[in-house]
Amino acid sequence: MKLKEYLIKAGIKFEEKDGAISVGGALDLSNTGITSLPDNLTIGGWLDLSNTGITSLPDNLTVGGWLDLSNTGITSLPDNLTIG
């Protein structure tokens, strides 16, 4: 499932401008079917990706709080990652 579809289905408020998605608060994607994230994603609070099929982080990911990558396939972090 793509992130935008998940956000709509879950009733999570987000903004989209020029293809970039922004979520104002925290986002818990743990134990979901999400397998990738779009480039230029901004999360205002924490982001929990634990127990997902995600294997890499997108370009220009910004997370305002903490980032949980436990039990994912992520083995490296992109140079342009910003964590609060």
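Modeller: Two strands count as paired if DSSP finds at least two bridges between them; strands (E, at least two residues) and helices (H or I, at least four) are DSSP runs, numbered from the N terminus. This is a predicted model, in which local features need pLDDT of at least 70, side-chain atom pairs count only at pLDDT 80 or more, and totals for chains, interfaces and linings use all residues. Residues are numbered from 1 along each chain as its sequence is written, and side-chain values use heavy atoms, with hydrogens and water left out.

Colleague: Which residue is the bridge partner of Ser22 in E4?

Modeller: That is Thr42. E2 and E4 (residues 42-43) run parallel, with two bridges. Ser22 also stands opposite Glu15, as E1 (residues 15-17) and E2 are antiparallel and joined by three bridges. In their hairpin, two residues lie between the strands, and Asp18 has a positive phi near 50°.

Colleague: How do I read the faces of E2? Which residues are covered and which uncovered?

Modeller: In a regular strand, side chains alternate between the two faces of the sheet. Here Ile21 and Val23 form the covered face of E2, while Ala20 and Ser22 form the uncovered one.

Colleague: And the largest nonpolar core: which residues touch the most other members?

Modeller: Such a core is a set of buried (under 20% relative accessible area, 1.4 Å probe, protein chains only) Ala, Val, Leu, Ile, Met, Phe, Trp, Tyr and Cys residues joined through side-chain atoms within 4.5 Å. Among its 19 residues, Leu27, Leu29, Leu37 and Leu47 touch the most other members. H1 (3-10) and E2 (20-23) each supply at least two residues, and H1 gives the largest share, three.

Note on methods: Buried < 20%, exposed > 50% of the residue type's maximum accessible area, 1.4 Å probe, protein only.
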